[in-house]
Amino acid sequence: MLPAPGVYYFPWEVNSVSEGKTLRTFGRLHSYDLVRSEAVLTALRSSVQHRLRVCTAFVEPFQAQLGSLYVALGETEGPVIKARVLTCVEGMNLPLLEKAIQEQRKYFQERQGQVDGSAS
């Protein structure tokens, strides 16, 4: 059986995601510890720096490019994201990605409302 598709969460929302849930998120690679198989992604929002710990054991060997933008897909395991995919997306328009995530959420909410409305 395939794992559930990853829902996009902003880096500042990841702490509210329940244990074992599949998610997608993004951030700049702040540090990478090969020995511990752990990377730290950061994202800035309203002058607050958010940090995400990412387990890289499933994606190694991993060519770390510090300071570059990455998208992670994986499951939450406590305060850590256990990455199945960790892709460098340097050059991606970050404000456009954030807008796309918001538009996707809006679409899914509208679609859910239509399904709920037609079920009655």
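Student: Is E38 buried or exposed?

Tutor: Burial is read from relative accessible area: buried means under 20%, exposed over 50%, and partly exposed in between, using a 1.4 Å probe and protein chains only. E38 has a relative accessible area of 13%, so E38 is buried. This is a predicted model, in which local features need pLDDT of at least 70 and side-chain atom pairs count only at pLDDT 80 or more, while totals for chains, interfaces and linings use all residues. Residues are numbered from 1 along each chain as its sequence is written, and side-chain values use heavy atoms, with hydrogens and water left out.

Student: With which residue does E38 form a salt bridge?

Tutor: A salt bridge is a side-chain nitrogen of Lys or Arg within 4 Å of a carboxyl oxygen of Asp or Glu. For E38 the partner is R36, with the closest N and O atoms 2.9 Å apart. R36 is exposed, at a relative accessible area of 54%. A network of salt bridges links D33, R36, E38 and R53.

Student: How many salt bridges does a search of the whole structure find?

Tutor: The search finds six. One of the salt bridges joins the side chains of E13 and R105, at 2.5 Å from N to O. Helices (H or I, at least four residues) and strands (E, at least two) are DSSP runs, numbered from the N terminus. E13 lies in the loop between β1 (7-8) and β2 (22-33), and R105 in helix α1 (residues 94-119), so the pair ties together parts that are 92 residues apart in sequence. R105 is partly exposed, with a relative accessible area of 27%.

Student: Which residues does T56 touch, beyond those up to four places away in sequence?

Tutor: Contact means heavy atoms within 4.5 Å. On that basis, T56 touches Y32, S37, E38, A39, F62 and L86, not counting residues up to four places away in sequence. T56 lies in the loop between β4 (48-55) and β5 (69-77), and its relative accessibility of 0% counts as buried.

Student: Which strands does β5 join through bridges?

Tutor: Two strands pair if DSSP finds at least two bridges between them. Seven bridges join β2 to β5, and these strands run antiparallel; eight bridges join β5 to strand β6 (residues 80-88), also antiparallel. L73 in β5 stands opposite R24, and L73 also stands opposite V85 in β6. The hairpin of β5 and β6 has two residues between the strands, and G78 there takes a positive phi near 70 degrees.

Student: How many of the nine residues of β5 are buried?

Tutor: Eight of the nine are buried, and β5 is thus mostly covered.
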